[in-house]
Amino acid sequence: MKNILFIASEGVPFIKTGGLADVVGSLPQCIDKKYFDVRVMMPKYMCMYQDKKDMMKYLTHFYMDYNGKREYVGVLEAEYNGVRYYFIDNEFYFNGDKPYGNIIYDLEKFIFFDKAALSALPLIGFKPDIVHCHDWQTGLIPVYLKDSFRGGDFFKDIKSIMTIHNLKFQGTYDVPTIKGLSGLPDYYFAPDKLEAYKDANMLKGGIVFADVITTVSETYAEEIKTEFYGEKLDGLLKARANDLRGIVNGIDYDVFDPEKDDLITRRYNKKNFRKEKVKNKLALQEELGLAQDEKTMMIGIVSRLTGQKGFDLIAYIMEELCHDNVQIVVLGTGEDKYENMFRYFDWKFGDRVSANIYYSEELSHKIYASSDAFLMPSLFEPCGLSQLMALRYGTVPIVRETGGLKDTVSAYNEYEGTGTGFSFTNYNAHEMLGAIRYAEHIYYDRKREWNKIIDRDMAADFSWHVSASKYMEMYDWLIG
């Protein structure tokens, strides 16, 4: 039996702010329990829902020197879907109404967490072969494993993996602050270690000292070695190219399943979608006050409304697009300019644009099930999950060829009769509009071809089991 410990700042079902939590919650459940004992460690935040706190049992506690004080470290545990979770408890550091707040406080909190997580291991009766760290919040763990935790039998053979979910967030602050909090010697704050552009960078520390670096799609692993996507760490990632690999994320096929989904109006599957899927569209048109017409092409967007997601491209051509024979349904919140842009077009074209500037799990499922196409024109997209959900629901993705979007959506080829969606290469609004209009042409003029695309979409497998098999291969290789 090989022991793997995930260490992360969030995980479903206990706490979630983004896609990281889905990975940490879903992936361990899909790793083969005959060969691997996978457990998860995260902070116990005060803002967790009470029913989640009620699942936890006290395990042990100890005191640790940190930032000039003796700090209490509690360790709790819980079991969920066959996976054991550990929680690091300290009410001073993990209070507040959300997991992340301002960067200086977050740095102090997560450096404490990294040190406490490793310090707790000998006391909980679990010695990992691999510590699998996620994002900058756990960036110092690979560093500590090569430094203050290196001595003694317990830690000496532990390997570390650093997974980058989004390179944009790095945990960067001035050197004296991070040096003081981490307790690491001067030696570590050099350009070939934690120092980057005169600041200290926690994610960089993890990338330098981890045994293996992964990210969440093969294309993103290549992209981040270039200046445009590399967020100033492209040189380091090129230097560590032999230790860097991309494994695309999955989605939970039990939660996202049009045949069993309680949140949608009419369930359907790959055999009967031709008759049944459209009933969801008619119900959503009625619910949102759009013109009711089963033949009108509906384009769905479920997203954070930010520049990263390509909304400046949409803003540029939205007026033109609204004069096409399409309906556009948007769900999400984000930057004011994009929220207001969609509100304006909802006001101007009320029967064909519906702007829902909030978030609702139920409405998101209805949009995946009701739409004919799903638009994701991201500037960059490490993996992206929405296109995987769209494929699962037979809603044809229209994407920009970047990161995980390029890896998971293959472009339709009308001559070969292949492909699962429509894509465009350059970050250009009219190139995007061209891809949308090509999709419209196939939808309206070649309906049988459109339905064959849906057949291929619903047959694709992006469940977690596929990703898990690649992670297991890597664990085996690393442990040797």
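Helices here are DSSP runs of H or I with at least four residues, strands are runs of E with at least two, and both are numbered from the N terminus. By that count, the chain has 17 helices and 18 strands. What you're looking at is a predicted model, so local features need a pLDDT of at least 70 and side-chain atom pairs count only at pLDDT 80 or more, while totals for chains, interfaces and linings use all residues. Residues are numbered from 1 along each chain as its sequence is written, and side-chain values use heavy atoms, with hydrogens and water left out.

Let's start with the overall build. The radius of gyration of the chain is 24 Å, close to the 23 Å that the globule rule gives for 480 residues, so the chain is as compact as a globular protein of that length. (The radius is taken over C-alpha atoms, and the rule is 2.2 Å times the number of residues to the power 0.38.) Along the principal axes, the C-alpha atoms fill a box of roughly 70 × 45 × 40 Å. Of the 480 residues, 59% count as buried; buried means under 20% relative accessible area, exposed means over 50%, and partly exposed is in between, using a 1.4 Å probe and protein chains only. The chain exposes about 19,600 Å², with carbon and sulfur atoms supplying 49% of that area. Accessible areas come from the Shrake-Rupley method with a 1.4 Å probe, and for residues only the protein chains shown count as cover.

Now to helix H9, which spans residues 273-288 and holds Glu276. Glu276 is buried, with a relative accessible area of 11%. Leaving aside residues up to four places away in sequence, Glu276 touches Arg266, Arg267 and Tyr268. With Arg266, the side chain of Glu276 makes a polar contact of 3.0 Å. A polar contact is a pair of N or O atoms within 3.5 Å; within protein, one must be able to donate a hydrogen and the other to accept it, and residues adjacent in sequence count only if both atoms are side-chain atoms. Ala283 is also found in helix H9, but counts as partly exposed at 23% relative accessibility. The C-alpha atoms of Ala283 and Ser217 are separated by 36 Å, and the two residues are 66 residues apart along the chain.

Helix H6 (residues 202-209) is largely enclosed by the rest of the structure, because seven of its eight residues are buried. Those buried residues are Met202, Leu203, Lys204, Gly205, Gly206, Ile207 and Phe209. At the start of H6, a side-chain oxygen of Asn201 comes to within 3.1 Å of the backbone nitrogen of Leu203.

Charged pairs come next. The structure holds 32 salt bridges, each being a side-chain nitrogen of Lys or Arg within 4 Å of a carboxyl oxygen of Asp or Glu. One of them joins Arg437 and Asp324, at 2.9 Å from N to O. This pair links distant parts of the chain, 113 residues apart: Arg437 sits in helix H15 (residues 429-445), and Asp324 in the loop between helix H10 (311-322) and strand S14 (326-331). Arg437 is partly exposed at 33% relative accessible area, whereas Asp324 is buried at 11%.

Lys193 and Asp192 form another salt bridge, with their closest N and O atoms 3.2 Å apart. Lys193 counts as buried, at 11% relative accessibility. Within helix H16 (residues 447-459), Glu449 and Lys452 are three residues apart, which means they are separated by about one helical turn. Their side chains meet in a salt bridge of 3.5 Å, N to O. Glu449 counts as buried at 16%, and Lys452 as partly exposed at 36%. Elsewhere, salt bridges that share partners join Glu77, Glu79 and Arg84 into one network.

Last, the cysteines. A disulfide is taken as a pair of cysteine sulfur atoms within 2.5 Å, and a search of the whole structure finds zero of them. Cys30 is in no disulfide, and the nearest cysteine sulfur, that of Cys383, is 14 Å away. Cys30 is buried at 16% relative accessible area, and Cys383 is buried at 3%.

Notes
Contact means heavy atoms within 4.5 Å.
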